[in-house]
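Hello,

Here is the structure I promised to pass on. Have a look at it first, and then read on for my notes.

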Amino acid sequence: MLHVKEVDAIVEAFTCSRTNAEVVAALEEYGVPAAEVRDPEDAVRDPRVVSRGETVPLAHPKYGSVEDVYGMGLPIKFSRSQAGFDQPPPGLGEHNRTVYCGLLGYSEERFEQLKTKRVI
């Protein structure tokens, strides 16, 4: 914290004399990770963010693709394997029967009672 004001002055002089694109390009040229400060709507659609898999266009499992709707991606890279999502998240209660009857061992009758009483 000894020279914070001096460093801030250097950074300010560098950034104020260039456009955002010029600053980012100059930093990237030297391997410095950089991006413009953007609002969330622009940030999730940034071509660099999308190309790295940080965000992905979303498709509804029932209604298909919705134009310009993005969600979290999985930007994990392996040398010989591909990471990603094999299916969309389940709908509310979609796996209840599997959980209650399969994993928890409830009878089909008990499961139906819970549904009828709107417990699940």
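A word on helix axes before the details: axes are lines fitted to C-alpha atoms, for helices over the stretch in contact, and angles run from 0 to 180 degrees between N-to-C directions. Please keep in mind that this is a predicted model.

With that in hand, turn to helix 5 (residues 96-103) and helix 6 (residues 108-116), which pack at an angle of about 140°. Their axes are 9 Å apart. Helix 5 is therefore oblique to helix 6, as angles over 145 degrees would be needed to count as roughly antiparallel. The crossing of helix 5 and helix 6 is right-handed. On the helix 5 side, the residues that meet helix 6 are Asn-96, Arg-97, Tyr-100 and Cys-101. Their counterparts in helix 6 are Glu-108, Phe-111, Glu-112, Leu-114 and Lys-115.

Next, the strands. Strand 1 (residues 55-60) and strand 2 (residues 64-72) run antiparallel and are joined by five bridges. If you want a landmark in the pairing, Pro-57 stands opposite Tyr-70 in strand 2.

Finally, take a look at Asp-46, in the loop between helix 3 (40-43) and helix 4 (47-51). Is Asp-46 buried or exposed? With a relative accessible area of 8%, Asp-46 is buried, because the cut-off for that is under 20%. A polar atom of the Asp-46 side chain lies 2.6 Å from the backbone nitrogen of Arg-48. Leaving aside residues up to four places away in sequence, Asp-46 touches Glu-36 and Arg-38.

Terms used:
Residues numbered from 1 in each chain as written. Predicted model: local features only at pLDDT ≥ 70, side-chain atom pairs only at ≥ 80, totals over all residues. Heavy atoms only, no water. Pairing = 2+ DSSP bridges. Helix = DSSP H or I, 4+ residues; strand = E, 2+ residues; numbered from the N terminus. Buried < 20%, exposed > 50% of the residue type's maximum accessible area, 1.4 Å probe, protein only. Polar contact = N/O pair within 3.5 Å; in protein donor to acceptor, adjacent residues only side chain to side chain. Contact = heavy atoms within 4.5 Å. Parallel < 35°, antiparallel > 145°, perpendicular 65-115°, else oblique. Left-handed = near helix turned anticlockwise from the far one by under 90°.
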